[in-house]
Amino acid sequence: MSVPPAAVEAHDPRVHIQENDDVVPPEHFVLTDGLTPNLETYLFYAQEQRDKEAAEARKEGHLPPTGWLSELFDLNRRALDQDSVTSADEKRGAPADEAAVLGITPTEYRAASSSLRTATWGAIFYLITTDILGPYSAPYAFAQVGYGPGVACFVAFGVMAAYSGFLLWHMFLKLDSERFPIKTFGDLGYRIYGSWFRIVCNVLQSLQLIFNVGIIILGNGQGLSQMAQFKLCFSVCNIVWTLAGMIIGQIRTLQKFGGVANISIWLNVITLMMTMGAVVHTAPNYAAAASAYNVAQGAVQTLAIVEQPFEPQLNGIMQIVFSYGGAMIFVEFMAEMRRPMDFWKAMACAQIFITIVYMFFGLFVYSYQGQFVINPANQGISLYSLQTATNAISLTAGLIAAALYGNIGIKVIYQNILIELFRAPPLTAKAGKYLFAVSVIVYWSLAFIIGSAVPQFTNISSLVAAVCIFQFSYTFPPFMILGYVMQIDAMSEDRPFDINNPRASRADSWRSISRWARGCTYPHKKRFFFNTWNLIISLACLATAVLATYAAIKSIIVDFQTGTSGTSFSCRSPLQPS
């Protein structure tokens, strides 16, 4: 996760811009004429950026080899870091004085921005698979729909999630640059559709991240209550994890999360293996199934197709969607990568890992526990010793995942609300770091309220999957590529682009029918079919999300009315036997 010295005007900004420096970075989202850059400008600088990255990659032939295994396990990190620092010291000697630090130029800031992109695709693989919700919810999904629909949905959603990931990767490479960096999913949407779409993305992203943290607090609270044999107040269990999250959430950069995420994925794998071993040799947790889902004790039943009302079936399918919920922060990951062109490796490996491992785990546990599957699955182990062991490991992994979600969520809110609306200092400033620390406390407090107010792990996770995750993973990427391709096609009759006069190249504007005609009916048949495909996918996904949202909300209301779930802010755990 290291990077060689930046090659911007023979200048490595890390030599004098340290993490604790009080720097207020200049932002450049307007051109010299005071107007917002158009798509052609973004494309021009993005191409320059990609050419520069390719040139730097060719110059790194003298560095230690970085093959797939070396990148994945981060074996070359120390060597590359040492080479970077040594080279910088040799070129420039002592760091610049403090005055220079406080007065950096726009060129220097762009170089600093480049040097902060240090994550390798191996580190990003771990970050994508740092998922506490997907694997443990997979058995519940099969219990609601059966073997056939479960496998079909897992494979179909996996293929479409990979498709969406490649679309996001392609658009990021075409539109991101040091001069106009893309930092969030909303930034990417803004380049294509404007401010209204960025607002939609930022709102949904903020909701998903804070609800994810709330769900993990709820799940960890359930696990801790099981470990305490329900002798500890359930609300206190949630508070314990909230306080822990406030502490670990003080980590500010994804670079520092890389090593922690490396540990998290193996903790998850250990928990999955222990859970599979436990369900083979122990009976299902009948008491928890009766308390959480009102399932009476009896023989274990597994079905090829489960016939029941569509609401619980959609809730089960939304648990599968949760497994592929990483697309929301793919852009953030690419924004911190040393070479964004390598992101496809991390994304492809992660999607294959998720599809194979999660689906196998879901099928295995469902085969032994049938209708008595608990969500999350390890809490359905009936033997207390094994249940406690898996809870202890999964709770640690869950805390890491929650801290990662919270880190991204706080940054989105900080950038788009505190900085843009209330003129808060940037995170690189000392005052910004203090404000970030306070924001972490407030953020986790709100997540605690969410998890404790609606103590229905399955229903609330289904709601988040339908309202937020489904859009980022399936609805938005094809909708965005549709707008991007239409604008590219509309340029087919424009004049050559001149960076000195960026608005003079267009032959007409979007107020003209001719430009819409080129964008919608490009003469290439393959492009027309591609646009039609993406339009149909977007509309179909939007319709599915609306239906799934209705099912989740109805299930929440019914469970509160029937008393199946626990009550809000209660001392009684949702899994506690009656």
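## The disulfide

C233 and C571 form a disulfide, with their sulfur atoms 2.1 Å apart, where a disulfide is a pair of cysteine sulfur atoms within 2.5 Å. The pair links distant parts of the chain, since C233 sits in the loop between α10 (195–227) and α11 (234–248) while C571 lies in the segment after α21 (525–562), 338 residues apart. The torsion about the S-S bond of C233 and C571 is about -85 degrees, so this disulfide is left-handed. A search of the whole structure finds one disulfide.

This is a predicted model, in which local features need pLDDT of at least 70 and side-chain atom pairs count only at pLDDT 80 or more, whereas totals for chains, interfaces and linings use all residues. Residues are numbered from 1 along each chain as its sequence is written, and side-chain values use heavy atoms, with hydrogens and water left out.

## Cysteines and their cover

C233 is buried, with a relative accessible area of 19%, where buried means under 20% relative accessible area, exposed over 50%, and partly exposed in between (1.4 Å probe, protein chains only). C349 is partly exposed at 23%, and C520, at 36% relative accessibility, also counts as partly exposed.

## The chain as a whole

The protein chain has 21 helices and zero strands; helices (H or I, at least four residues) and strands (E, at least two) are DSSP runs, numbered from the N terminus. Of its 578 residues, 56% count as buried.

## Where two helices cross

Two packed helices are described by the angle between their axes and the distance between the axes. Helix α1 (residues 39–59) and helix α8 (residues 147–175) pack at an angle of about 95 degrees, with their axes 6 Å apart; the axes are lines fitted to C-alpha atoms, for helices over the stretch in contact, and angles run from 0 to 180 degrees between N-to-C directions. The helices α1 and α8 are therefore roughly perpendicular to each other, a term for angles of 65 to 115 degrees.

In this contact (heavy atoms within 4.5 Å), L39, Y42, L43, A46 and R50 of α1 meet F172, L173, K174 and L175 of α8.

L575 is found in the segment after α21, and it is buried, with a relative accessible area of 3%. Although L575 and A290 are 285 residues apart in sequence, they are 8.5 Å apart in space, C-alpha to C-alpha. Not counting residues up to four places away in sequence, L575 touches Q222, Q226, F230, A288, S291, A292, I374 and Q379.

Conventions:
Angles under 35 degrees count as roughly parallel, over 145 as roughly antiparallel, 65 to 115 as roughly perpendicular and the rest as oblique.
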